[in-house]
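Reader: Hi! I'm new to this, could you walk me through the model?
Author: Happy to, here it is.

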Amino acid sequence: MMQSSLILAILAALVSHLNPTLGEPSGHRVSYEHRRHASLQGRDTINPPPSTHGTLSFIQTANVTRVLINNPPINLLTAELISDLHSFLLWAQPAPQKRTPKVVIFTSTLPNFFLSHFDLRNLNPSSLKPSSSQQQQQQQPPQTPFTQLLSIGRLLQSTTSTAFIAQINGRTYGGGQELAAQMDMRFAGPGASIAQYENSNGFVAQAGGQLSLAPIIGKARALEHLLASRTIDAATGTRLGLFNNWYPDPATLDREVEALAARIGLFSQRALNDTKFSLAFMSPTAPMLEAQVERFAVVAAGEECQALLGRTLAASEVGGNAFERGIPNSVVEALYGDSLGALEAGLRRRVLGAVGQRCDF
Ligand SMILES: *[C@@H]1O[C@H](CO)[C@@H](O)[C@H](O)[C@H]1NC(C)=O
Ligand SMILES: *[C@@H]1O[C@H](CO)[C@@H](O)[C@H](O)[C@H]1NC(C)=O
């Protein structure tokens, strides 16, 4: 696993070396967007955020920053995307004399994916050590994609001066769904499809997603969702309270989220900060989150989980993007196909579920 991620890193470096447009830091694009909007908004703008690896681009107005996630083909939480998200959230940290956005909207440039899962090739035992709280206090960049992913979740919750909105119109799985669950609001389009598939792999959603989900949709529903690794669509997610709302067409979704963000952007950031700070009592505490990561390391290093992970990775390599689009049921099929086969056909269909089984785009 370590070897393949190393090979990928080397390949990525080679590709960016060979292809100047791919490797070009997106700073050019960012400053262009920034200039374009700055001219509309006057002097009172915020410095453009960074995107070292080019997986994010930004559209900024005076008080609202729209983050466009673009890590094709599936917005996999690769080391590069994680690093860019992390840098962006550090950029959004408040400081004296520094202006930060009141609202950040996260959305995807890919038609079928909002945010996919953590790159399992980076889940090796040496990456499981969480960064110490001392390290986080000093804001040193955590050392691995895994610890950086944890840090992103913590920053989404602890940055009380900015409201984070997820505008979701695609698949949102695993670590991607954990990050969405830690944003302040979620709005969905017709293509939204959410799942935590970790339990079917013998491990758990550990980046803050499990602990954050229960306050949003309630313990019983969170347990159903997590234990069964099942898919939630836009309408169901709205009924559960996971989405604030959903819209049957993407243009309306875009318009409504934009209008909401602009309205929030008019109002006092101090009041916003205090409101988000007050409601933080609903969020999991740092010790709860840290304890879960420690338990996760034990579960993930266990034989059962390692064997399941190995089989998932092998199936994913064979199945490619179709496998990714089919998550969580492609995972369930790959790992439990034999047991499913022993079930009567009708029951099997019901176990897999109509929504999750579809893989039709
Ligand atoms: C942005 O926020 C500032 C400071 O609160 C405010 O003066 C300004 O009117 C806001 N602009 C817009 C377009 O919301
Ligand atoms: C947000 O509110 C908290 C609690 O009052 C305060 O400690 C913090 O400094 C505030 N942050 C900003 C940027 O106003």
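Reader: Where does pLDDT stay under 50?
Author: Over residues 1–43, where the model has 34 contacts beyond four places in sequence. Here pLDDT is the predictor's confidence in each residue, from 0 to 100, and two residues are in contact if their C-beta atoms, placed from the backbone, lie within 7 Å. Residues 355–361 also stay under 50, with 12 such contacts.

Reader: And what does the protein chain average?
Author: A pLDDT of 84, with 80% of the residues scoring at least 70. This is a predicted model, where local features need pLDDT of at least 70, side-chain atom pairs count only at pLDDT 80 or more, and totals for chains, interfaces and linings use all residues. Residues are numbered from 1 along each chain as its sequence is written, while chains are lettered from A and ligands numbered from 1 in the order in which they are written.

Reader: Last one: is helix α6 mostly buried or exposed?
Author: 13 of its 14 residues are buried, so α6 is largely enclosed by the rest of the structure. Buried means 20 or more other C-beta atoms within 10 Å of a residue's own, all placed from the backbone. Helices are DSSP runs (H or I, at least four residues), numbered from the N terminus.

How values were computed:
Buried ≥ 20, exposed ≤ 12 C-beta atoms within 10 Å, placed from the backbone. Helix = DSSP H or I, 4+ residues; strand = E, 2+ residues; numbered from the N terminus.
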